[in-house]
Amino acid sequence: MKEILAKLKYMPNFFEVLEKGNYVMCAVSGKKIPLDKLTYWNVDLQEAYFSSKEAQIRYEELKK
């Protein structure tokens, strides 16, 4: 299967696909996140995170 970067709009409980694809990039680690595995994102920053670890890292950065 060809990998295509998707463009999403992150909402509070779901995301809207703006440009079709099958993955997005983690804003913290740069890892590819398959859309069917995407669980963590920030609505205000419009960023996706690979796991709760990366989401926590971003949260800690924003608290400073």
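Entry one, on Leu35. I am working from a predicted model. Setting aside residues up to four places away in sequence, I found Leu35 touching Ala6, Leu8, Phe15, Gly21, Asn22, Tyr23 and Val24. I placed Leu35 in the loop between strand S4 (32-34) and strand S5 (40-42). Is Leu35 buried or exposed? Its relative accessible area is 16%, under the 20% cut-off, so I noted Leu35 as buried. I also checked Leu35 against Leu8: they are 27 residues apart in sequence, and 9.8 Å separates their C-alpha atoms.

Entry two, on the rings. I counted two aromatic pairs. For Phe15 and Trp41, the ring centres are 5.5 Å apart and the planes meet at 85 degrees, so I wrote this pair down as edge-to-face. The pair links distant parts of the chain, with Phe15 in strand S2 (residues 15-19) and Trp41 in strand S5, 26 residues apart. Phe15 has 24% relative accessibility, so it goes in my notes as partly exposed.

What lies over the face of Tyr23? I found Lys32 there, at 5.0 Å from the ring centre.

I located Glu47 in strand S6 (residues 47-49). With a relative accessible area of 18%, Glu47 is buried. Leaving out neighbours within four places in sequence, I listed its contacts as Tyr10, Ala27, Trp41, Asn42 and Arg58.

Conventions
Residues numbered from 1 in each chain as written. Predicted model: local features only at pLDDT ≥ 70, side-chain atom pairs only at ≥ 80, totals over all residues. Heavy atoms only, no water. Helix = DSSP H or I, 4+ residues; strand = E, 2+ residues; numbered from the N terminus. Buried < 20%, exposed > 50% of the residue type's maximum accessible area, 1.4 Å probe, protein only. Contact = heavy atoms within 4.5 Å. Phe/Tyr/Trp six-rings, centres within 6.5 Å; stacked < 30°, edge-to-face > 60°. Lys NZ or Arg CZ within 6 Å of the ring centre and 35° of its normal.
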